[in-house]
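Hello,

I am handing over the structure below, followed by notes on what was found in it. Please read the notes with the model open beside them.

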Amino acid sequence: MSATDDRAAKERATDHLEAAYSLETPEDSIQLYASWADSYDETFIEATGYVYHEGLVGAFLDAGGSAGGAVLDVGCGTGVVGIELGDQGETTVDGLDISPEMLAVAATKITAHGMKAYRNLLEVDLTGPVDLPADSYTGIVSAGTFTFGHLPPSGIDPLLRLGAPSAVCAIGVNAEHFTEQGFERYFADRAAEGAITVPELVDIPIYGAFESEHGGTRATVAVFQILR
Ligand SMILES: C[S@@+](CC[C@H](N)C(=O)[O-])C[C@H]1O[C@@H](n2cnc3c(N)ncnc32)[C@H](O)[C@@H]1O
């Protein structure tokens, strides 16, 4: 790619990111991601040198997550987290997302081991009722979904029901959002109630090579276990 093309790609990625940060409702998300799904990998993941999925899955596995259980990838989008999990040896990964178009792209993803990245893909709006069986997953992960304009802390409530007792969870939250939007308080309250262990907070970069005002953005990954 020429330097001019590279600059244009990074500008396009910044525009997409700002559109994503200014979403206000689940309907806004459905609309934005419907139009972005086909080009998301090129115009966002590649253009920004996205590394969030690697750090997130690393934090999950370091905490003893899965290795043989069923893992739920929340807000799976086009599937970068599912591929990373599969590349690292996880064989049973479900993806959940509000956007049918993003899920359709995720359905095409194949891991380095030649397996489909996802067993099941679930179209679910986490701001509404979640009609899935309790205790279904021994691991739950999420990247990029608890961020500006997307899901608030209450979107984690249904996940605590879907996770089995002792399930390891690694929930990435935009670091600028973590305290300000109530995630720190949410996790502290759930831990005080005895619903989860006190989370370990792992700080990771979101982008590898993104010359933009957003280039240095980091995520706080809350790693904890479900207690029941
Ligand atoms: C920035 S993308 C992240 C996708 C992927 N995890 C990644 O790291 O590339 C955020 C995803 O959250 C999904 N999302 C937004 N609001 C949601 C909701 N209310 N319920 C479920 N998924 C939602 C979007 O459709 C989108 O695919």
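Overall build

The protein has nine helices and seven strands, where helices (H or I, at least four residues) and strands (E, at least two) are DSSP runs numbered from the N terminus. Its radius of gyration is 17 Å, close to the 17 Å that the globule rule gives for 228 residues, so the protein is as compact as a globular protein of that length. That radius is taken over C-alpha atoms, and the rule is 2.2 Å times the number of residues to the power 0.38.

This is a predicted model: local features need pLDDT of at least 70, side-chain atom pairs count only at pLDDT 80 or more, and totals for chains, interfaces and linings use all residues. Residues are numbered from 1 along each chain as its sequence is written.

Along the principal axes, the C-alpha atoms fill a box of roughly 55 × 40 × 30 Å. Of the 228 residues, 43% are buried. A residue is buried if 20 or more other C-beta atoms, placed from the backbone, lie within 10 Å of its own, exposed if 12 or fewer, and partly exposed in between. Among contacts between residues at least 6 apart in sequence, 75% join residues at least 24 apart; a contact means C-beta atoms, placed from the backbone, within 7 Å.

Around the ligand

There are 24 residues around the ligand, and Gly75, Gly77, Ile98, Ser99 and Gly144 come nearest. To be near, a residue needs its C-beta atom, placed from the backbone, within 6 Å of the molecule. At least two residues of this shell come from each of α2 (26-36), α4 (52-62), α5 (80-87) and β4 (137-146). By type, the shell has 13 nonpolar, nine polar and two charged residues. Ala, Val, Leu, Ile, Met, Phe, Trp, Tyr, Cys and Pro count as nonpolar, Asp, Glu, Lys and Arg as charged, and the others, Gly among them, as polar.

Helix α3

In α3 (residues 40-48), Tyr40, Phe44, Ala47 and Thr48 are the buried residues. Seen down the axis, they fall within an arc of 130 degrees, so they line one face of the helix; the arc is that of the directions from the helix axis to the C-beta atoms. These buried residues pack against α1 (3-21) and α2. Gly49 follows α3 and has a positive phi, near 60 degrees.

Val223

Val223 is in strand β7 (residues 218-225). It counts as buried because it has 22 C-beta neighbours inside 10 Å. Leaving out residues up to four places away in sequence, Val223 touches Ala59, Ala63, Ala170, Pro199, Glu200 and Val202.

Regards

Note on methods
Contact = placed C-beta atoms within 7 Å.
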